Each structure stands twice: as structure tokens, then as C-alpha cells.
Amino acid sequence: MTNQFQGLRVWGSFLLAILIGSSIGAQVGAAEELPSSRWPGFLGANATAVNSLPETWSPESNVAWTASLPGHGQSSPVIWGQQVYVTAIEGPEKDTNHILKISLDDGEIEWDKTFPTSLPVENSVYVSRAAPTPVVDENGVYAFFESGDVIALTHDGQLRWSRSLSKDYGKFKNRFGLSASPVQTADQLIVLVDDQGPSYLLGMNKKTGETSWKSDRESRTSWSSPALLEIDGVEQVVVSSAGSVDGYDPKNGQRLWTFDDVGGNTAATPMPLGDGAFLIGASPGRNGENAEGAMKSNMALKVVKGANGYEAKVLWRAKGPTVSFASPIAYRGFAYWVNRSGVVYCRDAKTGEEQYTKRIAESCWATPFAVGDRIYSFGKDGVTTVLAAGPNFEEISENRLWNADDVKLDQQLVEQETDATRRRHAGNFAGRIQYGIAAINGRLLVRTGDRLYCIAETKPASK
């Protein structure tokens with residue numbers, strides 16, 4: 001669940017790690033002093049450069065601090081200067097939405113703002129729980145919850161505006177919830193609602209929260225996040241979701257092109273290859289219901305502009321690779337997928353030719369991250385495998401973030417499941433899971449449902 005991308009041409013050089021171009025000042029005024037570190041959106045949109053990260057860690061080493069979080073959340077953290085923001089939900093009916101500000105220096109919670117949900121639903125391990133990742137800019141933080149609540153706060157925690165999309169445009173009906181993370185431009189917050197009820201892509205004025213534009217979409221069941229990609233020199237919102245890949249103008253919401261020879265694309269975010277090309281990830285589904293579509297839909301697309309407008313063309317299709325919740329990434333000429341069994345597929349990014357297919361310790365729910373000569377694959381149950389970047393499989397390290405005896409299942413949520421099959425499998429989702437990450441130079445933040453970890457290159461001396 002967890003696929004935030006928002007101004008990809010201004011992503012920093014770390015996401016040149018995944019071939020994302022950047023121009024660093026697009027979102028703040030030229031006269032404004034930039035914060036020392038930024039990871040302002042899902043998967044690092046508009047982030048500052050990351051040149052180095054710890055290569056090894058354990059519960060006893062390189063963990064600079066750990067912050068305990070209220071309730072539960074599946075969103076990734078975001079960073080603005082020395083400030084970290086995370087979201088969470090709490091209560092038997094996901095009654096309370098939390099937005100927290102945490103010090104990057106020591107993990108202290110500086111404030112925790114709470115807001116009642118506008119759409120109560122049963123709190124279950126089978127329903128998304130604070131899954132969309134917020135975005136942050138020089139004016140504050142913007143959080144979207146799967147209840148439809150959108151909340152904008154200043155950096156000191158004052159409410160700027162809030163609204164409920166489920167009240168404005170209809171209740172959400174996806175029985176497993178929503179997880180699409182918003183993207184942002186300088187003046188727009190853009191939210192995707194793909195649901196069994198009303199579905200749409202929505203642009204909101206970041207200053208007021210008012211609707212700037214709304215593009216209705218066919219109803220569907222999906223959890224994927226949109227990406228802001230540069231195509232033919234122009235930024236477009238690209239949405240890969242349950243049977244189509246579509247491009248929109250972020251200024252007015254006009255759909256510019258569509259591609260429908262795709263299936264199983266219900267979770268992964270489009271990931272850039274450069275020059276108007278990007279990777280699409282697709283999953284066979286929990287029970288194999290999307291297997292046929294997914295077999296042909298892990299691929300590279302390129303959008304070109306011709307005399308009749310934009311057109312999406314398949315560069316290559318990768319036979320074999322699939323994803324689960326993590327999106328595929330491209331780095332230094334190679335593309336990587338991790339499936340639900342922890343199998344890593346490496347393909348040539350230009351041709352799709354197989355380089356290797358190897359199993360690592362765990363499957364990934366968080367999207368892998370590339371920096372330097374390494375690929376970080378964040379295993380679901382706390383083991384991060386660090387691989388050498390390139391066409392040859394080389395495992396550099398396996399790093400466990402917590403000890404097995406430090407995890408307790410949320411037994412109450414398991415036992416409340418009345419369906420025997422759901423209860424039997426609920427334990428897979430009721431433990432501690434690496435949901436999402438944020439990175440700055442020398443530090444890696446890892447978010448689980450109830451904790452935020454900061455891994456540093458050197459562990460600071462005890463106070």
C-alpha cells in the first residue's frame with residue numbers, strides 16, 4: 001500500500017537513482033531559504049539529494065531513535081528541514097485522524113493534532129489505516145485520509161483548512177479502503193479517488209482547499225497512487241489504476257491520453273525511466289484474480305506527442321516479474337521488481353532483457369530505494385536486504401530492524417474477524433510491518449504501524 005510520486009522533475013539526485021530528473025527550486029520562491037533536508041511526498045517527490053545511507057544496522061546498532069506512534073498508520077513519513085510528519089488513525093471505527101510532527105534530531109513528538117473522521121468504518125487489519133502519505137511544503141503539511149478528510153496545517157500545527165471529500169462527492173465504498181497518496185504542484189494538491197463508488201481525480205487550491213478542477217473517472221477498485229511525470233517537457237499527472245493508464249494536465253484536469261491494454265495495476269505507482277518513459281507494475285492479486293492481466297502488464301511505457309495529441313506506446317513487456325504493494329524502480333540502466341514471495345527480478349531498462357531472478361529474505365510492501373551502488377529492499381517483516389546495483393545479483397547485507405520477541409500481534413483485531421478465512425490470515429497483517437520510508441543524507445526513516453525508526457550511519461552517544 002503504501003506508492004506516493006509530485007513534481008518528479010524536481011526530485012533530487014537520489015532519485016536519479018531511479019532516473020528521476022530534478023530542478024530543485026520549483027516549489028519554493030527563489031528568495032526563500034531552502035531547508036537543509038526535504039522528503040516532501042510519497043516516494044520522495046522533490047527530495048534533496050541523498051548520497052549515502054547506512055549499509056548495515058540491527059536493533060542494537062545504528063538506530064538513532066525510535067518514536068512510538070498513536071493508533072496505527074501505513075503512510076510514509078515526510079521531511080521538511082528538521083521536521084518529520086506522519087499520520088495515523090485510532091479507534092474501533094477509525095474514529096480519530098492524527099497528524100504528528102516529530103523532531104528529526106531526537107524523535108521527540110512536538111505536537112499531535114487530532115480530528116474526528118467524517119466516515120467511520122470498522123478498524124480492521126483488512127482495511128487501509130492512514131494509508132495515504134501526506135505532502136509538505138514551505139507553508140505546512142497536507143494530509144489525506146481514506147475517510148475522505150483532507151486537512152492542511154501550518155508547521156506549528158495551526159489549522160489552515162479542512163474538508164471531507166466523502167461528504168462533498170459521495171461516500172467511499174471500497175471495502176478494503178483507499179491508499180492513493182496525493183501529489184502536489186506549487187499551488188495545487190491533487191488527490192486520486194478510485195473507488196467502487198464515485199471515482200475522480202481532484203485538484204485543490206493549496207491555500208484555501210477549494211476545488212480547482214475535478215475529472216470524473218469510471219468506478220473501479222484500486223489503491224495505486226498517481227505520479228507527476230515530465231512528458232515532452234510538460235508535467236502530467238499519470239495514473240496507473242485497475243485497467244488503464246491515463247495522463248492528465250495538472251493545471252485543469254483534462255485527460256490527455258489513455259492506454260487500456262493493461263490489467264492487475266491496482267497498487268503500483270508509475271516510476272520514471274526518463275524521456276517520457278516510465279515503468280508500470282501489476283499484481284496477480286491476493287487470490288490470483290488478476291493473474292492474466294498482470295502477466296502482460298509489468299512493462300515500460302513511453303508517451304509521445306504527435307500531430308493528433310499524446311499517445312502511449314509499449315517499449316517492452318517483462319514476462320515473469322510482478323509486484324505486490326511495492327512499485328518497480330529503475331536505476332542506472334536496470335529495472336527491478338520484487339514480488340509477494342520476495343523474488344527480485346532485474347531487467348535491462350532499455351530492452352526488458354532478463355538479467356537475474358533471485359529470492360531475498362522477505363517480500364516488500366515499501367518500494368525499494370536506490371542510492372550510490374546499492375538497492376535497499378525493505379522486507380515486510382523487518383529485514384531489509386541491501387543489494388549491489390547492476391546486472392549481477394550480489395547481496396551486500398541483511399539488516400533486521402527489530403527482534404521477533406519485540407512484536408505483539410494486534411490480537412483484538414484478529415479476533416474480531418468473524419469470517420474464518422479472514423481470521424486465519426489476519427495474523428499476516430496484524431504484526432509489525434515496514435510500510436514506508438523517507439531518506440536524507442546519512443539517515444533513513446522507516447515507518448511501521450505503531451513506530452517510526454531513524455537509522456543513522458553512526459549511532460549517537462547515549463544521553
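Predicted model: local features only at pLDDT ≥ 70, side-chain atom pairs only at ≥ 80, totals over all residues.

Reader: How many helices and strands does the protein have?
Author: The secondary structure of the protein comes to 4 helices and 33 strands.

Reader: And what share of the residues is buried?
Author: Of the 463 residues in the protein, 62% are buried. The accessible surface comes to about 17300 Å², and carbon and sulfur atoms account for 45% of that surface.

Reader: Let's pick a sheet; in what order do the strands E7, E8, E9 and E10 lie?
Author: These 4 strands form an open sheet in the order E7-E8-E9-E10, and their pairing is antiparallel. Strand E7 (135–137) and strand E10 (159–164) are the edge strands, each of them pairing on one side only. From one strand to the next, the twist averages 10°.

Reader: What joins E7 to E8?
Author: A hairpin joins E7 to E8 through 2 residues, and the two strands, with E8 covering residues 140–144, run antiparallel and are joined by 3 bridges. Within this pairing, Val136 stands opposite Val141 in E8, while the bridge partner of Asp137 in E8 is Gly140.

Reader: Why is E8 largely enclosed by the rest of the structure?
Author: The burial count gives the reason: 5 of the 5 residues of E8 are buried, so E8 is largely enclosed by the rest of the structure. Buried here stands for under 20% relative accessible area.

Reader: On to E9, then; how many bridges does E8 have with it?
Author: E8 and strand E9, which covers residues 149–153, pair in the antiparallel sense over 4 bridges. As one example of facing residues, Ala143 stands opposite Ile151 in E9.

Reader: And which residue takes a positive phi in the hairpin of E8 and E9?
Author: That residue is Gly148, with a phi near 100°, in a hairpin that has 4 residues between the strands.

Reader: Changing topic to E12, how many of its residues are buried?
Author: Strand E12 (residues 188–193) is mostly covered, with 6 of its 6 residues buried. Gln188, Ile190 and Leu192 point one way from E12, whereas Leu189, Val191 and Val193 point the other way, and all are buried.

Reader: Which residue in E12 does Val183 stand opposite?
Author: Val183 stands opposite Ile190 in E12. Strand E11 (residues 183–184) pairs with E12 in the antiparallel sense over 2 bridges, and the two strands form a hairpin with 3 residues between them.

Reader: How many bridges join E12 to E13?
Author: There are 6 bridges joining E12 to strand E13 (residues 199–205), and these strands run antiparallel. E12 and E13 also form a hairpin, with 5 residues between them, and Leu189 stands opposite Met204 in E13.

Reader: Last topic, the largest pocket: what volume does it have, and how many residues line it?
Author: The largest pocket has a volume of about 1000 Å³. Its lining consists of 31 residues, of which Gly285, Arg286, Phe325, Arg340 and Phe429 lie nearest its centre.

Reader: How does that lining of the largest pocket split by class?
Author: By class, the lining of the largest pocket has 11 nonpolar, 12 polar and 8 charged residues.

Notes: Residues numbered from 1 in each chain as written. Heavy atoms only, no water. 1 Å grid on protein atoms, 1.4 Å probe; cavity = no way out; pocket = protein on both sides within 12 Å on 5 of 7 lines; lining within 4 Å. Points joined across faces, edges and corners; volume = space filled by probe spheres on them. Nonpolar A, V, L, I, M, F, W, Y, C, P; charged D, E, K, R; others polar. Buried < 20%, exposed > 50% of the residue type's maximum accessible area, 1.4 Å probe, protein only. Areas by Shrake-Rupley, 256 points an atom, 1.4 Å probe, with all protein chains shown as cover. Pairing = 2+ DSSP bridges. Axes fitted to C-alpha atoms, helices over the stretch in contact; angles between N-to-C directions.
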